[in-house]
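Please look over this model with me. My notes on a few packing details follow the display.

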Amino acid sequence: MTARPPSSRPPHEPGAGLPGAARGIPATFLPGRGPGPEPASGAAGPEAVPREPVPQEAAPQEPLPVAPPPAKAAAQRPGRGPARRGVRPAEPLGAEDRERLLHGAHHDPHGLLGAHPVPGGMTFRALRPFARSVAVSAKGLRVELYDEGDGLFAAVLPLSELPDYRLLVSYDGTELEVPDPYRFLPALGDLDLHLIHEGRHEQLWQALGAMPMVHEGVAGTRFTVWAPNARGVRVAGDFNYWDGTGHPMRSLGASGVWELFLPGIGEGTLYKFEITRPDGSHTLRADPMARRTEAPPANASVVHASHHTWRDAEWMAARMGRPVHEHPFSVYEVHLPSWRPGLTYRQLADQLPAYVKDLGFTHVELMPIAEHPFGGSWGYQITGFYAPTARLGTPDDFKYLVDALHAAGIGVLMDWVPAHFPRDDWALAEFDGRPLYEPADPLRAAHPDWGTLEFDYGRTEVRNFLVANAVYWCEEFHIDGLRVDAVASMLYLDYSREEGRWTPNVHGGRENLDAVAFLQEMNATVYRRCPGVVTVAEESTAWDGVTRATHHIGAGGFGGLGFGLKWNMGWMHDSLVYVAKEPVHRKYHHGEMTFSMIYAYSENYVLPISHDEVVHGKRALVSKMPGDWWQQRATHRAYLGFMWAHPGKQLLFMGQEFAQGAEWSEAHGPDWWLLDPSYSAEADHRGVRDLVRDLNSAYLATPALWQRDTVPEGFEWVVGDAAEDNVFAFLRFDAQGAPLLAVSNFSPVVRHGYALGVPGRFTAWQEILNTDAARYGGSGVTTPDPVKTEATRHHGRPASITVTLPPLATVWWRAV
């Protein structure tokens, strides 16, 4: 006989080359199992035979001989086991069926394996590679099957009815008693298949992927995957030492879905799908719907069921009554792996909520949490769209963190990336041998900027995959908002593409009509299913109606995209250009600061100072400012005061709240040492952080700063043209008309006796915040006493106040 080479785990999988890998014995039952996560308590299911631990050497490594050829093997009768009265060899499989089954290219293995009635009895057939023998066991019955070769065992038993049977599978020195996976009906219902085919399964994660369950009274895991171009699909994992030969899946009709229920397989099991491509080659793929993964660089999927008990019912109920555009919304952006490097989700839950609450932010925004292979992508090149990154813990650990943030009164936004995905050959790219998640046209599929692939938004199943993913994070993880990354790259067919490298739409335009329809469907679905959730677009162009309702048609002929908020990239760019100039030159760029008010009410805006502005040579926020260290910090503080008073919501990236001077690096995170009391300049940085805390406190206490953010009645210029002075002054009004006066002086000189026109019905104005206060590190030019209103017209108003403007500072006054 010839020897079959050992079957080993692929080299990119942890545990490659474990002793006993050549045996093909289920790891759930194999003595001397190698390293890797053990199943959770009871994970092997009630069907597993108990095992005693033995030394690792107990599992021999020598390859086993191949079984005799079918014709010869069929005539053999094993010389052990009870007599088989009336048992006869089964009709051999046809050559084509046998070949397809053994090579993982059969669409209906359940039609060949398991038990099937035939004239005169019941045929039983099992595919158990490397087994020495297989027997059928039932009450009062134990019959060995004939060895047909290549791991196939079969016989016809003289039975009129199908018994409740199990398989006794013998390897060298080991006998396992297991349910037969091929005796079960499909564990996925017709309604699920119909919704998948229609692209309307809004809880797709309940239908596809690996789902621990009890099916027909037996505990196990249902494996399902969408792979319509595959000739066959098999499940490979640590339970079969990554040889899927014995676990082919069945095709569920025209849906493109493949299914297999494996009894005795439970939580913690590692797995992938072994796909036979249209050309007959094989590829081993992670589950696109995996809800848990191995920690990178390992990339297997992990069977998972959640056991977290949520404690945030009060938060979830309250958020439904808070329209975000009419309430405070101050966001602290965080890259979780580097905020405090080395902390897990649960350890972060002990520190992050307290820190954010102390600073007064209403929300955190988490840079992408979904699993990604390369840490340097910051999470923006995702391979596991349904799995929180395993770098920091389990999915339940992440839920624990969200729960802790909600308990502290902090909303949780997360970056969501439906614009593209990486080309890793174990993930989504050409998943089943042909373009599936990406468009078939290579020019259309390739993202020109990031070396990734774009999604095919015109394919119903792909659109369903993404829409359901958005719902998944909101429903399963209680996420309060999705900030959708790179929306502009989705909306335009010619985005970053040169002439001749893109194809117009059916109307001859550059708009990606499929992407528009996808975004509208996503927003409509999320808002319908998840009350209180907000979606936020990172959209860098002037697309009409990003935050307009989807049923309202705009001038361009499109309905709105349906987002709740949009990042104001124009304000961010223009204002940073202004403050980066030397004060003497700022008068020539005055319009950079006022231009935003021309379009301020065209959308519902967030003012973002995000991670993108403090990396790749752009410098940290304080380092963008000109002048010496004092002037840099002063301008930094003045800019934050201007930002918090400007119409729109606020977002600030971690480290900028204490004026970190270095660019952010995902390798080490914020420079927390700057706040160490032993550091000589600690007071400078702590002063800026104290200002951010006071900005948030005053912001929360002042409805004029957030209640009418999206309507022009909430804003009036007082001084918008004082370019020579580098001064900006404006009024904000709440729903009852109560005003707040904000004045910024971006000149390094004190301006005494500065007159400002104000509404005449108020007798005095009280300074409530001054970024030049000494406790923030400023020069201490403040006005502690109320300033009386004078009946002197100024700036077109019937009254005025005369104040002293501190250098490089923003001051807020409230009418009293």
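This is a predicted model: local features need pLDDT of at least 70, side-chain atom pairs count only at pLDDT 80 or more; totals for chains, interfaces and linings use all residues.

1. Four strands form an open sheet in the order β1-β2-β6-β5. The pairing is antiparallel. The edges are β1 (114-118) and β5 (146-149), each of which pairs on one side only. On average, neighbouring strands are turned by 25° against each other, with direction ignored.

2. **Strands β2 and β6.** How many bridges join β2 to β6? There are six, linking β2 (residues 121-127) with β6 (residues 152-157). The two strands run antiparallel. For orientation in the viewer, M122 stands opposite L157 in β6.

3. **A helix on the sheet.** Helix α2 spans residues 95-102. This helix lies across β2, β5 and β6. Its direction makes an angle of about 130° with β6.

4. **α15 against α16.** Helix α15 (residues 629-645) packs on α16 at an angle of about 10°. Their axes are 10 Å apart. Angles under 35 degrees count as roughly parallel, so α15 and α16 are roughly parallel to each other. The crossing of α15 and α16 is right-handed. From α15, the contact uses W629, R633, H636, R637, L640, G641 and W644. From α16, D684, H685, V688, L691, V692, L695, N696 and Y699 take part. By class, the contact of α15 with α16 has eight nonpolar, four polar and three charged residues.

5. **α6 against α16.** Helix α6 covers residues 345-359, and α16 covers residues 682-700. The axes of α6 and α16 come within 7 Å and cross at roughly 70°. Angles of 65 to 115 degrees count as roughly perpendicular, and α6 and α16 are therefore roughly perpendicular to each other. On the α6 side, Y355, D358 and L359 make the contact. On the α16 side, the residues are R689, V692, R693 and N696. The contact of α6 with α16 divides into three nonpolar, one polar and three charged residues.

6. **N464.** Is N464 buried or exposed? N464 is buried, because its relative accessibility is 3% and the cut-off for buried is under 20%. N464 lies in helix α9 (residues 460-476). Leaving aside residues up to four places away in sequence, N464 touches L195, I196, G199, R200, H201 and L204.

Note on methods: Residues are numbered from 1 along each chain as its sequence is written. Side-chain values use heavy atoms; hydrogens and water are left out. Buried means under 20% relative accessible area, exposed over 50%, partly exposed in between (1.4 Å probe, protein chains only). Contact means heavy atoms within 4.5 Å. Axes are lines fitted to C-alpha atoms, for helices over the stretch in contact, and angles run from 0 to 180 degrees between N-to-C directions. Angles under 35 degrees count as roughly parallel, over 145 as roughly antiparallel, 65 to 115 as roughly perpendicular and the rest as oblique. Ala, Val, Leu, Ile, Met, Phe, Trp, Tyr, Cys and Pro count as nonpolar, Asp, Glu, Lys and Arg as charged, and the others, Gly among them, as polar. Two strands pair if DSSP finds at least two bridges between them. A crossing is left-handed if the near helix is turned anticlockwise from the far one by less than a right angle, and right-handed if clockwise.
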